[in-house]
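Reader: I am new to this structure. Please take one part and walk me through it closely, then show me what surrounds it.

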Amino acid sequence: MRLSTFVVIFSVIPRAVLLLVVGLALFGVAAAHGQDADSRTFRGSADVVYVEVPVNVVHDGKAVRGLTAENFQVIDKRKKREIVGFEVIDLEAITIDAAVEDAPQELVTMPSAARRHFLLLFDLSFSNPESVVRAREAARELVSNDLHAQDLAAVATYSFAKGPEIVLGFTSDRRQLDKAIETLGVPQLIDRRSDPLGLVLADMQGEGGASGGSALTSGGGGFAGEAVAEFIRTSVQRIQQFETADAQNQIVSMSEGMANLAQMLDTVRGRKHVVYLSQGFDSTVFLGRGPSQQRSDAVAANVAEAMAANFEGSTSDTSFGNTQVQNALARMAEAFQRTNATIQAVDIAGIRNKGGGVVAGANLQDEGLFYMANETGGQLYRNANDLGEAMGELLNGTSVTYLLAFRADDVSFDGAYRKLKIKLRGDDVPRGARAYHRAGYFTPKPYAERNRGERQLDAASQIFGREGGALDVEVLSVPVATETDRAYVPVVIEIGGASLLDGGAGDGKLPVEIYGYAIADDGTVVDNFAQAFQIDASQNSVALRARGVKVYAHVDLVPGDYTLRVLVRHGADGRSTLRVNAVDVPDFTVEAARLLPPMVAESPAQWLLVREPTERRGEGDPFPFLHGQNPYMPAAAPSLPARGAIDIAALAYGVGDPVRATGRLLDAAGQPIDGVAFDLLGARAAPDSPGQVQLDLRLDVDGVAPGDYVIEVELQSGTTDQPLTARAPVQIAAANP
């Protein structure tokens with residue numbers, strides 16, 4: 001029997017201390033070991049499930065640190081499970097200063113299951129325009145001042161006409177988030193970039209410095225202030241405008257829309273806090289009027305019990321509330337509980353204005369908001385100008401995450417719900433400490449059954465995960481000077497054809513999706529590309545089996561350090577792989593000698609080539625891959641034959657005649673391999689790239705044993721006092737028998 005695995009990522013929902021925890025991902029790969037759970041995709045049938053469980057442990061409102069795997073016991077559907085994986089993520093210990101040398105590495109290694117996800121949801125139907133406008137400022141301050149650098153946030157709106165709509169997907173880019181909050185997605189106020197995953201709202205490059213900076217503004221004004229205010233005024237439909245029957249229908253509609261949102265969020269890996277910015281609705285519609293229309297906080301604390309009593313009592317809507325509304329709200333709460341999403345409700349009627357006074361008409365009957373928050377494990381915040389301060393307990397309690405992993409061997413892939421318990425044990429656990437985790441998880445459903453929104457959020461979630469996956473993917477990126485202040489950075493993506501065919505070609509078509517994001521150290525998405533295409537497997541099976549597909553894309557970047565995240569996904573079965581490359585873009589305007597890593601020049605005929613879409617190609621874009629006069633595509637992961645000569649190319653800047661270059665082949669210990677011939681064929685200036693010199697070399701690998709090696713190129717010129725050296729890893733393949 002063929003054994004497959006998939007990954008389920010979930011967490012704990014806090015009730016007493018009102019903590020929200022980590023999200024669920026129902027995706028898998030063919031092997032659980034040595035690959036990142038974040039990028040696995042479920043495929044086929046299987047007996048074993050590999051489950052990651054993010055857990056928060058809290059004592060007296062603070063995160064408990066220093067625990068080990070021995071302090072936890074996992075019970076999955078009444079069965080004790082052995083913990084086979086354990087990891088601790090402490091946000092306070094993660095460097096957030098981009099100037100620190102290891103900060104980019106933290107961004108690379110942070111598992112998305114341990115990231116906190118905040119969805120800022122603006123209610124445009126149960127709120128007045130003035131409150132919504134003021135809520136924007138509080139939300140912007142939360143994003144810019146209080147969220148950790150590893151936190152991801154998204155922006156959405158709710159209206160009667162359209163239901164919940166995501167304006168911007170979960171991203172690390174604070175500038176895009178500020179833009180989304182400022183505009184609330186008003187079409188005439190943004191020039192949306194082409195981004196199928198919804199992580200980029202507008203082109204922010206060139207605003208606020210090389211990497212974008214934060215450039216966050218305060219206040220509700222700015223260029224979009226009046227336009228957004230007018231948009232809100234014309235969009236808001238307050239519940240008070242409707243008769244009671246209409247009000248009931250609107251609450252039911254809202255509940256159903258929120259339940260659908262919760263289900264869609266189930267695909268998001270990591271913690272999901274839905275920060276619901278609303279004035280709420282008239283609670284008498286679902287609670288009835290009872291003995292008093294003005295409920296105290298003490299009575300509001302028992303809203304759930306009151307609703308339960310209503311089901312057993314009179315059917316009078318006036319006295320006991322409308323049962324249809326109650327049922328809809330209960331189903332919504334259950335959807336959030338089951339998909340590990342929590343509502344953190346903010347009564348925006350109580351947000352104070354800049355003068356310090358409470359906004360006129362502040363809502364004193366917010367039992368509806370209390371119910372939505374309380375029943376999903378969240379909290380209701382009143383009069384909260386500073387959301388970061390108000391949500392301090394939530395932010396503190398979720399600052400440490402323990403990632404537990406276990407295997408379940410009795411799972412049926414039918415979408416069933418399985419209950420889960422995590423128990424604390426051992427003397428290291430403070431008395432009274434509590435472990436917060438989700439109440440259970442769903443077994444996965446096939447990729448083909450997921451809707452478009454679920455697939456989009458799934459891919460977006462993987463972008464910020466760890467490297468790995470089920471497809472054979474390699475990525476190469478090379479910065480090239482241009483006549484502008486931005487470097488042209490070609491991105492070469494190699495996809496192993498055998499891994500694409502491994503899931504079967506079905507009707508003969510292999511759909512492929514590619515998403516790439518260049519992210520600065522501060523989390524800003526500086527540039528991105530996306531491409532989708534189909535391969536006719538019946539016509540190209542030989543070429544696919546031999547090598548695969550090579551895709552040519554590019555990003556434009558100003559000088560700086562970046563992380564290039566490229567996700568490749570099989571469009572039919574959802575299998576995917578994420579690759580993460582560090583990209584150092586030098587300032588080519590500075591006259592400094594530099595030598596870029598050498599590249600192995602392959603014939604384009606060896607691969608099925610796919611170019612980037614026409615709209616992504618600029619008229620002046622250079623094509624730097626020429627060996628002599630022959631165009632080539634560099635190998636992203638060079639695998640050299642055991643015999644023969646190999647063409648090598650290297651790009652140099654700031655060098656002048658005479659140019660001399662030599663090369664060596666080094667073993668794993670860094671020692672040169674004797675008898676390897678390295679010849680310089682020529683050095684010439686690139687016609688369309690300022691100051692660039694192309695080195696054409698040839699390497700003879702006859703007699704070299706198979707294994708991993710390093711190509712080293714050393715360059716000397718008339719303008720350099722010291723030789724320049726650059727290296728690149730290669731592999732010598734075994735000779736065919």
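Author: Start with helix α14, which covers residues 452-463. The model is predicted. Helix α14 has 12 residues. From first C-alpha to last, α14 reaches 17 Å. That is close to the 16 Å expected at 1.5 Å a residue.

Now look at the start of α14. There, a side-chain oxygen of N451 comes to within 3.1 Å of the backbone nitrogen of G453.

Next, burial. The buried residues in α14 are E454, L457, D458, A459, A460, S461, Q462 and I463. Note that E454 and D458 are on that list. An α-helix has 3.6 residues a turn, so residues three or four places apart point the same way.

A448 counts as exposed, because its relative accessibility is 59% and the cut-off for exposed is over 50%. A448 and D573 are 125 residues apart along the chain, but their C-alpha atoms are separated by 6.7 Å.

Follow that link to D573. The side chain of D573 makes a polar contact with the side chain of R575, at 2.9 Å. R575 is in the loop between β24 (560-570) and β25 (576-585). R575 has a relative accessibility of 1%, so it counts as buried. A448 is exposed, whereas R575 is buried.

Take the contacts with a separation of 6 or more: residues 24 or more positions apart account for 77% of them. The chain has 737 residues, and 57% of them are buried. It holds 16 helices and 38 strands.

For another helix, turn to α2, residues 129-146. Helix α2 has 18 residues and reaches 25 Å from its first C-alpha to its last. The expected value is 26 Å, and the α2 span is close to it. Among the buried residues of α2 are P129, V132, V133, R136, A139, R140 and V143.

Helix α2 has a partner. It packs with α3 (residues 174-183) at an angle of about 175°. The two axes are 10 Å apart. Angles over 145 degrees count as roughly antiparallel, so α2 and α3 are roughly antiparallel to each other. From α2, the residues in the contact are R136, A139, R140 and V143. They meet R174, L177, D178, I181 and E182 in α3. By class, this contact has 4 nonpolar, 5 charged and no polar residues.

Most residues other than glycine have a negative phi. D60 has a phi near 55°, a positive value, and is not a glycine. D60 lies in the loop between β3 (49-59) and β4 (62-63). With a relative accessible area of 68%, D60 is exposed. K77 also has a positive phi, about 50°, although it is not a glycine. K77 is found in the loop between β5 (72-76) and β6 (79-81). K77 is exposed, with a relative accessible area of 52%.

Conventions
Residues numbered from 1 in each chain as written. Predicted model: local features only at pLDDT ≥ 70, side-chain atom pairs only at ≥ 80, totals over all residues. Heavy atoms only, no water. Axes fitted to C-alpha atoms, helices over the stretch in contact; angles between N-to-C directions. Helix = DSSP H or I, 4+ residues; strand = E, 2+ residues; numbered from the N terminus. Parallel < 35°, antiparallel > 145°, perpendicular 65-115°, else oblique. Contact = heavy atoms within 4.5 Å. Nonpolar A, V, L, I, M, F, W, Y, C, P; charged D, E, K, R; others polar. Buried < 20%, exposed > 50% of the residue type's maximum accessible area, 1.4 Å probe, protein only. Expected span 1.5 Å × (residues − 1). Polar contact = N/O pair within 3.5 Å; in protein donor to acceptor, adjacent residues only side chain to side chain.
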